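Student: Could you walk me through this structure? I'm new to it.

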Amino acid sequence: MNSEFLSGSDKETLVHSISWQPRSHSWLVANLGVETTCVSIRNVYIFFIRISRRSGRPEVQPRTGTNLCVPHKAMWLYLAALVGLYYLLRWYRERQVVSNLRDKYVFITGCDSGFGNLLARQLDLRGLRVLAACLTEKGAEQLRDQTSDRLETVILDVTKTESISAATEWVKERVGDGGLWGLVNNAGISIPSAPNEWLTKQDFMKILDVNLLGLIEVTLSLLPLVRKARGRVVNISSIMGRVSLLGGSYCISKYGVEAFSDSLRRELSYFGVKVAVIEPGFFNTGVTNSEKISRAIQEAWDQASPEVKGIYGEKFLASVKKSVKKLKSTCCNNLYLVTNCVEHALTACHPRTRYSSGWDAKLFYLPMSYMPTLLVDAMIYWMSQRPIKAL
């Protein structure tokens with residue numbers, strides 16, 4: 001069909017009825033000089049009926065049951081292939097490992113127990129030179145008994161500047177001119193945690209001094225050594241750094257770790273230093289010890305004013321303590337889900353920016369963090385016990 005036979009209105013009718021049909025598409029490009037993406041079979045049929053009437057040709061009747069919209073099936077195959085290629089390339093990149101790991105030093109805080117203790121033993125088995133910081137001499141001695149002679153320990157209280165300065169000098173003596181390849185900020189506490197009105201400023205500062213301010217001071221002190229090695233900084237945050245589920249400063253501190261890590265990552269990218277954040281869900285460690293948390297909640301309740309106690313009521317206190325008691329049964333015991341992420345962040349040539357550890361983090365809390373605030377508030381409101389004087 002010659003495009004000169006078509007009037008302007010006919011061209012417009014045909015162009016606006018396109019769905020995707022390769023032959024029709026090529027004919028339109030060649031004869032009408034237009035680009036389209038879709039052709040609706042029904043509209044094209046009506047268009048050609050009009051042309052047939054004008055030219056005196058017999059009309060062609062459509063077959064019964066003809067599908068009036070034919071999707072381009074190859075498009076889905078291309079999309080699936082593209083997604084598969086993306087994950088294949090990602091898998092290949094993440095399998096590339098840094099060379100000469102046995103010569104690289106990694107400094108880890110909070111190695112008395114939990115993630116830090118397991119990570120120190122895991123990296124020692126991997127062959128890295130582990131410098132483990134413990135809060136107590138007992139914790140350091142127990143760790144040395146479980147590892148090789150290559151692992152060294154130091155006593156560190158991240159809330160004290162003099163302790164951080166002494167640990168920094170200790171690290172400098174060991175790493176020498178090669179610098180510090182990895183810094184893992186793991187030290188952290190979770191108590192006192194309770195509804196905000198039950199707490200004092202000192203209660204908030206107790207957690208912030210360890211989880212956020214201590215982390216920042218340790219990082220700033222060791223940063224010149226990490227920059228020299230063009231190494232890695234790995235900060236242990238939490239899924240609570242994405243969704244604030246409880247009162248107190250634990251969630252506040254983890255939100256701060258997320259923000260500090262983001263700004264630090266962008267600043268250090270100019271010097272070849274990579275910064276990663278680990279966001280674990282609920283794991284069975286000292287941070288989630290239900291007995292300690294329950295005692296802290298009771299202490300916070302005891303120090304609360306009579307007015308606050310009257311607003312919340314004893315029933316609310318009992319409900320909170322009951323929820324904490326169930327915490328242990330919901331926590332994951334496989335701490336390797338977290339330490340494996342830290343190991344990858346330290347040893348992979350192309351580490352991720354963020355690692356979500358645990359199925360609860362991946363399937364519930366992480367998606368929850370992207371939901372509208374109104375919906376998240378409604379979910380937490382529905383799951384929580386109401387104060388006795390609630391409206």
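Student: At roughly what angle do the axes of α7 and α8 cross?

Tutor: It's a predicted model, where local features need pLDDT of at least 70, side-chain atom pairs need 80 or more, and totals for chains, interfaces and linings use all residues. Residues are numbered from 1 along each chain as its sequence is written, and side-chain values use heavy atoms, leaving out hydrogens and water. Helices here are DSSP runs (H or I, at least four residues), numbered from the N terminus, and axes are lines fitted to C-alpha atoms over the stretch in contact, with angles from 0 to 180 degrees between N-to-C directions. The axes of α7 (residues 161-175) and α8 (residues 201-229) come within 10 Å, and they cross at roughly 30 degrees.

Student: So are α7 and α8 roughly parallel or roughly antiparallel?

Tutor: Angles under 35 degrees count as roughly parallel, over 145 as roughly antiparallel, 65 to 115 as roughly perpendicular, and the rest as oblique. With a crossing of roughly 30 degrees, α7 and α8 are therefore roughly parallel.

Student: Which residues of α8 make the contact?

Tutor: Contact means heavy atoms within 4.5 Å. From α7 come T161, I164, T168, V171, K172 and V175. Facing them on the α8 side are G214, E217, V218, S221, L222 and L225.

Student: Which residues does A120 contact, leaving aside neighbours within four places in sequence?

Tutor: A120 is one of the residues with the most contacts inside the largest nonpolar core, which has 31 residues. Such a core is a set of buried (under 20% relative accessible area, 1.4 Å probe, protein chains only) Ala, Val, Leu, Ile, Met, Phe, Trp, Tyr and Cys residues joined through side-chain atoms within 4.5 Å. With those neighbours set aside, A120 touches I108, C111, V130, A132, L143 and L151.

Technical notes:
Buried means under 20% relative accessible area, exposed over 50%, partly exposed in between (1.4 Å probe, protein chains only). Helices (H or I, at least four residues) and strands (E, at least two) are DSSP runs, numbered from the N terminus.
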